[in-house]
Amino acid sequence: MINQERIKNLLLELVQIDSVSREERDVAERIRAICEEMGAEVEIDGAGEKVGGNTGNVIARFPGTLPQAEAIMMSAHMDTVVPGRGVRPIVEGDRIRTDGSTVLGGDDKSGCAVVIETIRCLQEQSIPHTPIDAVFSICEEVGLLGAKHLDMRKVRAKYGIVFDSDDPGFLFTKGPSANHFEFKIHGLESHAGVAPEQGISAIKIAAEAIVAMKLGRIDEETTANIGVIRGGEATNIITNFVTLLGEARSLDDSKLEAQTAHMIKCLEDAAAKYEVTVEGVTTKGRVESEVTREYYAMDVSDDSRIVKLVKEAASRMGLDVQTLASGGGCDDNIFNRRGLECANLGTGMRAIHTVKEWLDVKDMYASAEMTLEIMRLNGETALAAAGK
C-alpha cells in the first residue's frame, strides 16, 4: 500500500514551488535532494542550456534489488504552464484545486509525486524490483523540449511509463503528430485617416484567412488552432505586418499534411486579393509560412512489453485498464521515437492549462497503487526470467 498522506503532502509541496517552463531549477533541486536521500545516483543533464532554461532534466538512477535485471523508466515533467507562479492550492476533501488565480500544477507534479512515492514504497516494503531510471523532464509544455534534449546516454532503460494524463483507468498508447506554424503576413503601411486606400492591412488579410480556415475539431483524428496574433502599432496606421502562431495535430500524417496545406492556402488566397500602386510602385499582400514538425505520432502496440505489463498488473488488482488514443502530445511521443518504448498513465489531473485546474487525489492514489503493482510484477518477471 502507498502512504496516501505522504504523497498528498508531497504534491502540495511541489505545486507551491514555481516552475514555469524554462524556470524549473527550484523544483529540480528539490526533486534531486529527495532522490539522493532515497539512495539514487542523480544527474542533471545539459538540456537546459540547449533550450534557454535554468536547469536540465533530472535523471535519478535507482539500483533496485535485482541489479542484473533490465532497468525500467518512470517519467514525469516538472514544468507548468502560465499562470503558474505563486500557486496556492486549496484542499477540499478528495479534491485539490487552484484558488482561481493560477493553474494548480498537477500537470505534471502529480506524476512526479507518483514516481517518488512508488519508489519509496518499493524500498520500505522490501519489494523485489529491477533498477529504475526516474526521469523528471523540463520544458514539456513548450514543445517537449526536455525529452528532445534528454541525454539518452544517462538512461539505462529501454521501456517504461510516463505519468501525464488524467484517469488512471486509461493507458494512452497513441498520440498525434503535430505541426507548429508561424505565418508572417505582409501588407503596406499608410495613414488610416488621410490615405487608407494607399495601404494594405495585414490585419484584414489575417482576419479573412482565419475566417476561411477549418479550425478546432476537424475530424475524430485531427485538430487545428490559431493561438497567437501579433501586429499593429497604432489605430491611425494601416498595419503592414502581422504574425500568426498556430498548430495542427492528427493521428494520421496524411490528414495533418492536408490540414497544413489548407491553412497555408487560406492565407495565400487572402493575401492575393490585395494589391496597391503608390507613386508608380506596386505592392502586393504576401505571406511567409514556416512549418515545423513539433513531434511525431506515437503508436504503441497492445502487444508491446509495457502495455502487457500494465494490463497484467491491473488485472491482478481486479482492474481493467483500457488503451486509448490521445489528442495531446507528451514526452511519450519523443521517447518512443528515440527508442524508449513507453505509454502514458493518468494521475487524476483535471481541467489542465486553466485556472480552474483541479486534481482528484483518489485517482492519484490509484495511479500510485497501480504503479507499485506494475513494479512488483516487473520484478517478479525479471526473477522468473533469471530462473530464480
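Colleague: Where is Asp 108 placed?

Modeller: Asp 108 is in helix α4, which covers residues 106-124. Keep in mind that this is a predicted model.

Colleague: Which residue does a cis peptide bond join to Asp 108?

Modeller: Asp 107 is joined to Asp 108 by that cis bond, and omega is about 15°.

Colleague: And what about the peptide bond from Val 82 to Pro 83, cis or trans?

Modeller: The bond from Val 82 to Pro 83 is cis, with omega near -5°.

Colleague: OK, β4 then. Which strand holds Ile 90?

Modeller: Ile 90 is in strand β4. At 27% relative accessibility, Ile 90 counts as partly exposed.

Colleague: What does Ile 90 touch, leaving out residues up to four places away in sequence?

Modeller: Ile 90 touches Arg 95, Ile 96, Arg 97, Thr 98 and Asp 99.

Colleague: How many Å separate the C-alpha atoms of Ile 90 and Ile 17?

Modeller: Those C-alpha atoms are 15 Å from each other, and the two residues are 73 residues apart along the chain.

Colleague: Changing topic: in what order do the 5 strands of the open sheet come?

Modeller: The order is β10-β11-β12-β9-β15, and the pairing is antiparallel. The edges are β10 (216-219) and β15 (286-295); each has a single partner strand, so one side of each is left without a neighbour in the sheet. On average, and ignoring direction, neighbouring strands of this sheet are turned by 20° against each other.

Colleague: How many bridges are there between β9 and β15?

Modeller: There are 9 bridges, and β9 (residues 177-186) pairs with β15 in the antiparallel sense. Take His 186 as an example: its bridge partner in β15 is Arg 286.

Colleague: Which strands does helix α6 touch when it packs on the sheet?

Modeller: Helix α6 (residues 202-212) touches β9, β11 (222-231) and β12 (241-250), and its direction makes about 20° with that of β12. Helix α7 (residues 253-272) packs on the sheet too, touching β9, β10, β11, β12 and β15. The direction of α7 makes about 10° with that of β9.

Colleague: At what angle do α6 and α7 pack?

Modeller: The angle is about 140°, and their axes are 8 Å apart. That makes α6 oblique to α7. The crossing in which α6 passes α7 is right-handed.

Colleague: Which residues make the contact?

Modeller: From α6 you have Ile 205, Glu 208, Ala 209 and Ala 212, and from α7 there are His 262, Cys 266, Leu 267, Ala 270 and Ala 271. By type, the contact of α6 with α7 has 7 nonpolar residues, 1 polar and 1 charged.

Colleague: Another helix pair: how far apart in Å are the axes of α8 and α10?

Modeller: The axes of α8 (residues 305-316) and α10 (residues 361-385) are 9 Å apart, with a packing angle of about 110°. α8 and α10 are therefore roughly perpendicular to each other.

Colleague: Is the crossing of α8 and α10 left-handed or right-handed, and which residues meet?

Modeller: The crossing of α8 and α10 is right-handed. Leu 309, Val 310, Glu 312, Ala 313 and Arg 316 of α8 meet Glu 373, Ile 374, Arg 376, Leu 377, Asn 378 and Glu 380 of α10. The residues in this contact of α8 with α10 are 5 nonpolar, 1 polar and 5 charged.

Colleague: Last topic, the backbone. What is phi of Ser 126?

Modeller: Phi of Ser 126 is near 50°, a positive value in a residue other than glycine. Ser 126 is in the loop between α4 and β6 (132-137). At 58% relative accessibility, Ser 126 counts as exposed.

Colleague: And where is Glu 279 placed?

Modeller: Glu 279 is in the loop between β13 (275-278) and β14 (281-284). Glu 279 has a positive phi of about 50° although it is not a glycine. With 79% relative accessibility, Glu 279 counts as exposed.

Key. Residues numbered from 1 in each chain as written. Predicted model: local features only at pLDDT ≥ 70, side-chain atom pairs only at ≥ 80, totals over all residues. Heavy atoms only, no water. Pairing = 2+ DSSP bridges. Helix = DSSP H or I, 4+ residues; strand = E, 2+ residues; numbered from the N terminus. Axes fitted to C-alpha atoms, helices over the stretch in contact; angles between N-to-C directions. Contact = heavy atoms within 4.5 Å. Parallel < 35°, antiparallel > 145°, perpendicular 65-115°, else oblique. Left-handed = near helix turned anticlockwise from the far one by under 90°. Nonpolar A, V, L, I, M, F, W, Y, C, P; charged D, E, K, R; others polar. Buried < 20%, exposed > 50% of the residue type's maximum accessible area, 1.4 Å probe, protein only.
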